Amino acid sequence: MSDNKTETGHNKSPFHSDRANDWCAGCGDFGILHSLEKTLTTMERHPDQVAVFGGIGCSGKTPYYLASYGIHTLHGRVLPFATGAKLANPALTVIAVGGDGDGLSIGAGHLVNAGRRNVDLTYIIFDNGVYGLTKGQASPTLHHGEQTKAMTTPSMLEHINPQMLALAAGFTWIGRGYAYDVDQLCDLMEQAIRHPGSALLTVLQPCPTYNQLHDKDWYAGKDLDNSTGRLYSLQDEGYNPLVPADAGQALLDEKMLQCLGVAQQWNTRIPTGVFFQDLSKPHLLDPIAQCHPGYAIATPAQQPVCDEQGRPLACLDTHFEALSVRASNAKRWR
Amino acid sequence: MKQEYEEFAWRIGGPQGSGIDRLANVFGRALASCGLKVFGHREYHSNILGRHSYFDFCISTEPSYSHRETADFLVTFDAESLCRHLPAVADDGHVLFATADADVPLDTLAFLDMHFKQDLIATLTQSGQPPTIAGMLEQARHRGVQLVPIPYAEILAALAHECKLSRHHAGRAINTLAVAASSALLGLSDELLITELKNVFGNDPNILDLNTGAAARAYDFVAEHHGAAASRTWLHEQREVRETLFINGSQSVALGKLAAGMAFQTYYPISPASDESLFLESQNPVPLRHGGHAAPLVLQVEDELAAAGMACGAALTGARSATSTSGPGFCLMTESLGWAGMNEVPLVVSLYQRGGPSTGMPTRTEQGDLQFAIHAGHGEFPRLVLASGDVEDCFYDSMQAFNYAERYQLPVIHMLDKALASTSQTLPRLHYEDKHIDRGEIFTSNDSQATPVARFALTASGISPRPLLGQDNAQHWLSGAEHDTYGQVSEDPVLREHMMEKRMHKLQQILDDLSDEEKFCVYGNKTAQFTIITWGSTKGAVWDAVKRMAQQGIEVRAIQLRLLWPFPAAELATLLADAAPLVIAECNYSGQLNALLREHIGRSADHLLLKYSGRPMTGDALFAALQSIQAGNGLPRRVLHNPNE
């Protein structure tokens with residue numbers, strides 16, 4: 001039992017990994033990692049049921065620090081890898097993580113198409129406005145005119161709004177958390193994981209090394225007159241993101257417009273919480289199972305391939321029959 | 001006296017969208033039902049409607065492995081097809097054409113390539129003929145070609161009236177009318193053709209009625225005006241063949257994958273690869289021998305970056321996974337290919353080569369990606385590259401590709417090309433029932449063991465038992481970064497060396513394990529010094545050429561290289577020790593196999609035969625080239641041309 005206890009006597013999470021972590025001290029990634037470990041533990045998932053896929057960058061290393069199936073993939077390609085695994089083995093809880101450059105720049109095409117597919121997986125974007133691991137270049141969520149430490153000029157480009165993009169792409173769960181608000185983040189992670197379609201959770205994550213503009217103090221609103229900080233919870237203010245399963249087009253339109261409205265808030269009041277949740281759309285596994293009844297019985301991961309002697313199990317008689325020509329009994333030549 | 005081996009070249013041309021492909025399939029099946037062997041080859045433009053396409057059949061008593069440069073029988077119903085192919089009709093050949101096309105001036109044919117048009121006009125002018133189709137026909141008639149004008153418009157008008165259809169609607173049966181007219185001239189029974197029309201158009205009674213109506217009128221017309229004028233008696237003397245496949249390369253690859261138990265395939269639409277994926281989609285579900293069905297998932301995804309990544313993700317769960325693409329798509333897949341090499345993922349990539357570089361010639365063939373497939377991706381990682389030579393190989397190789405991928409835990413690139421994809425031919429039933437399936441070493445979980453599992457445990461063979469995502473008690477990590485045995489990122493210099501050696505050792509292991517038959521195939525006279533080596537779809541032309549050399553009393557040994565990477569250098573060095581002359585035939589500009597041979601065994605071809613016009617080699621052209629080599633007129637590098645293709 002002692003193996004499962006920490007020094008302070010708390011139960012160790014089955015998702016806890018003792019691997020040395022090389023993130024910078026004070027990095028927002030720690031809050032996200034901790035929340036993810038805690039959420040999976042609270043949800044009583046088993047490490048053998050959870051696959052965490054990482055992109056490339058500091059955030060992409062997250063899988064190393066969790067005792068689950070951890071797959072460190074390619075820059076921008078985390079969603080295809082995660083989607084392939086989920087479709088082949090739908091029993092897996094699949095979580096993809098990556099930075100805002102990974103998801104919104106080099107991987108933007110996959111983000112859009114993952115939304116459109118509405119496959120049951122959770123995509124967590126660590127949003128810090130910079131490419132940290134390559135020493136602080138501007139990333140797609142950095143706003144026009146902002147200049148972080150490593151930049152020689154202010155950003156000349158407009159930023160990408162991940163919530164608006166996700167809505168347009170078809171993500172059916174869209175939320176935002178803050179790396180240092182672990183309680184809210186755990187709640188959001190659990191909702192995102194439980195949501196039966198594609199979920200995008202953006203986490204505002206200060207990069208203490210390269211992004212001096214959006215640090216803890218900035219999010220805390222220390223530069224502002226009010227003392228409540230920049231961040232507020234949509235749900236605390238009674239915002240209802242839900243499009244129920246039986247909703248009509250009018251309600252869907254209303255909720256999408258509502259989402260677009262809050263998604264544009266920034267600067268002095270930054271919303272967190274659930275922006276949008278749509279239960280009215282089918283997710284890809286439903287039409288797949290409908291078109292291929294066999295899929296529900298044996299998913300690709302379980303598909304029988306050969307018998308114990310290694311002989312193929314597929315029986316292609318009808319397939320060959322369709323391409324076969326039988327010798328004609330008719331008179332062949334005139 | 002009856003020859004031992006007889007063959008007949010039939011060609012049909014027409015605008016894309018006019019159903020050339022479909023009717024060629026009907027005709028091929030009808031011939032197959034008579035016990036004839038058919039080798040079909042299709043050429044088409046990257047275009048939806050209107051550009052020229054054509055289909056060649058080599059019809060024979062014994063299997064033929066390539067199409068012919070000439071046509072004994074040309075079937076057309078538009079001026080452009082007639083114009084393009086009339087020069088290729090044999091002197092004693094027949095040509096069917098639309099009566100109305102005769103007066104078309106050549107310079108009104110907008111899609112005729114300028115150099116081709118100018119050459120034709122110059123030839124006609126020299127021989128005193130007008131620069132029209134009529135002039136070309138007259139020229140052809142002079143050299144013995146039998147002209148068979150068909151009044152398509154009149155026949156179709158009568159058909160429209162009879163079927164109470166618009167002329168436009170009835171006009172869609174022009175392909176059937178043309179094919180049926182040629183069948184009638186050959187003396188093929190209309191009943192056989194109608195049986196196959198039913199097979200192909202059976203789902204829609206209106207379309208079937210129109211097409212059988214067109215066939216009947218074609219037979220009536222020919223009976224009245226020509227009789228079975230072009231009939232050849234040997235066609236009539238076929239032995240009984242109970243059942244024959246009429247199958248193309250894409251279908252063969254797809255069925256091989258299903259036999260292998262493939263459970264997951266991704267693709268992004270691209271010519272010429274996507275035909276295979278579309279066919280696979282239509283083949284679901286797959287019955288299983290002991291009951292139940294498998295439901296392989298075939299997914300169209302956003303791009304080839306995703307296609308390769310998703311197939312990797314699925315492979316990690318234990319699903320036999322593949323992706324299918326052509327050159328431009330394969331370029332995008334290279335990053336995931338490296339990831340698969342690094343993470344020892346059994347990923348099968350079916351690579352249908354086409355004319356490159358860049359967009360190149362999407363619907364034409366080339367063997368231009370050999371060096372690319374061998375080297376694709378940055379850094380060094382093991383991969384296995386195998387190349388199919390014909391439609392039969394396509395089936396067995398695609399089945400075997402999964403065994404290699406899982407046994408050696410690496411990406412396998414199965415090289416194909418447009419020529420194979422669009423070859424339709426008769427084949428005996430393919431047998432997969434007793435083929436062995438090798439799933440490689442899969443990690444066996446044990447409840448008491450400690451996790452995580454060392455996914456990349458160092459072993460003597462370099463193969464670590466593979467845990468699967470979702471497998472009980474098998475938690476593990478994977479990483480595209482250099483990693484330790486647990487899949488955790490590591491930049492330790494000693495570990496790096498061990499991991500490189502572990503992965504790269506697989507190449508030697510493959511060479512040690514695979515039989516000679518898996519590496520190459522020898523045909524013709526195995527003891528002859530005169531040796532020709534090839535790879536991929538050029539095999540068929542080489543086989544045909546070598547067969548014809550033997551008929552001339554010249555013994556030639558032909559070698560088809562099947563395993564291209566790891567390169568079987570030692571075996572080839574032994575095999576080629578006394579080869580003289582050494583000839584290499586491949587469809588690319590630089591002689592990529594030749595370069596590999598020079599690099600790995602220090603020997604290169606005495607005569608390099610190349611073709612890079614985007615069309616496959618033929619037995620005819622290779623035979624002529626081998627004859628000139630035999631006669632002492634061989635060149636170090638010779639390019640095979642045919643302006644009429």
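Two strands pair if DSSP finds at least two bridges between them. Keep that rule in mind for this predicted model, where pairing crosses from one chain to the other. Strand β12 of chain A is joined to strand β7 of chain B (residues 243-248) by three bridges, and the two run antiparallel. That number meets the cut-off of at least two bridges, so the strands count as a pair. One bridge sets A:Val325 against its partner B:Thr244 in β7(B).

**The contact between the chains**

Chain A puts 61 residues into the contact, and chain B puts in 84 residues. On the side of chain A that touches chain B, six elements each supply at least two residues: β2 (69-72), α2 (78-88), α4 (108-117), α10 (293-297), α11 (317-322) and β12 (324-326). The largest share comes from α2(A), with eight residues. By type, this side of chain A holds 35 nonpolar, 18 polar and eight charged residues.

**Strand β2 of chain A**

| Strands | Bridges | Direction | Example of partners |
|---|---|---|---|
| β2(A) and β17(B) | three | parallel | A:Ile71 and B:Leu478 |
| β12(A) and β7(B) | three | antiparallel | A:Val325 and B:Thr244 |

Look at A:Ile71. Are the faces of β2(A) buried or exposed? Both are covered: A:Tyr69 and A:Ile71 are buried on one side, and A:Gly70 and A:His72 are buried on the other. In a regular strand, side chains alternate between the two faces of the sheet.

**Helix α1 of chain A**

Helix α1(A) covers residues 29-42. Its 14 residues should span 20 Å at 1.5 Å a residue, and because its end C-alpha atoms are 20 Å apart, the model agrees. Which residues of α1(A) are buried? They are A:Asp29, A:Ile32, A:Leu33, A:Ser35, A:Leu36, A:Glu37, A:Thr39 and A:Leu40. Residues three or four places apart in an α-helix point the same way, because there are 3.6 residues a turn. The cover over the buried residues of α1(A) includes β1, β4 (121-127), α6 (182-194) and β8 (198-204) of chain A. Just after the helix, A:Glu44 takes a positive phi of about 60°.

**Chain B as a whole**

Chain B has 22 helices and 24 strands. Its C-alpha trace spans about 85 × 60 × 45 Å along the principal axes. A compact globule of 645 residues would have a radius of gyration near 26 Å; chain B has 27 Å, which agrees. Of its 645 residues, 56% count as buried. Take the contacts in chain B between residues at least 6 apart in sequence: 75% of them join residues at least 24 apart.

Helix α3(B), residues 114-126, has 13 residues and reaches 18 Å from its first C-alpha to its last, close to the 18 Å expected. Just after this helix, B:Gly128 takes a positive phi of about 75°.

**Nonpolar cores**

In soluble globular proteins, nonpolar side chains tend to be buried together. The largest nonpolar core here has 274 residues, and B:Leu177, B:Leu564 and B:Leu622 touch the most other members. Leaving aside neighbours within four places in sequence, B:Leu622 is in contact with B:Ala541, B:Val542, B:Ala545, B:Ala585, B:Leu609 and B:Met617. Another core, of seven residues, lies apart from the largest one; A:Cys27, A:Val130, A:Ala138 and A:Cys207 are among them.

How values were computed. Residues are numbered from 1 along each chain as its sequence is written. Chains are lettered from A and ligands numbered from 1 in the order in which they are written. This is a predicted model: local features need pLDDT of at least 70, side-chain atom pairs count only at pLDDT 80 or more; totals for chains, interfaces and linings use all residues. Two residues are in contact if their C-beta atoms, placed from the backbone, lie within 7 Å. Helices (H or I, at least four residues) and strands (E, at least two) are DSSP runs, numbered from the N terminus. Ala, Val, Leu, Ile, Met, Phe, Trp, Tyr, Cys and Pro count as nonpolar, Asp, Glu, Lys and Arg as charged, and the others, Gly among them, as polar. A residue is buried if 20 or more other C-beta atoms lie within 10 Å of its own, exposed if 12 or fewer, and partly exposed in between; C-beta atoms are placed from the backbone. The expected span of a helix is 1.5 Å times one less than its number of residues. The radius of gyration is taken over C-alpha atoms; the globule rule is 2.2 Å times the number of residues to the power 0.38. A nonpolar core is a set of buried Ala, Val, Leu, Ile, Met, Phe, Trp, Tyr and Cys residues joined through C-beta atoms within 7 Å.
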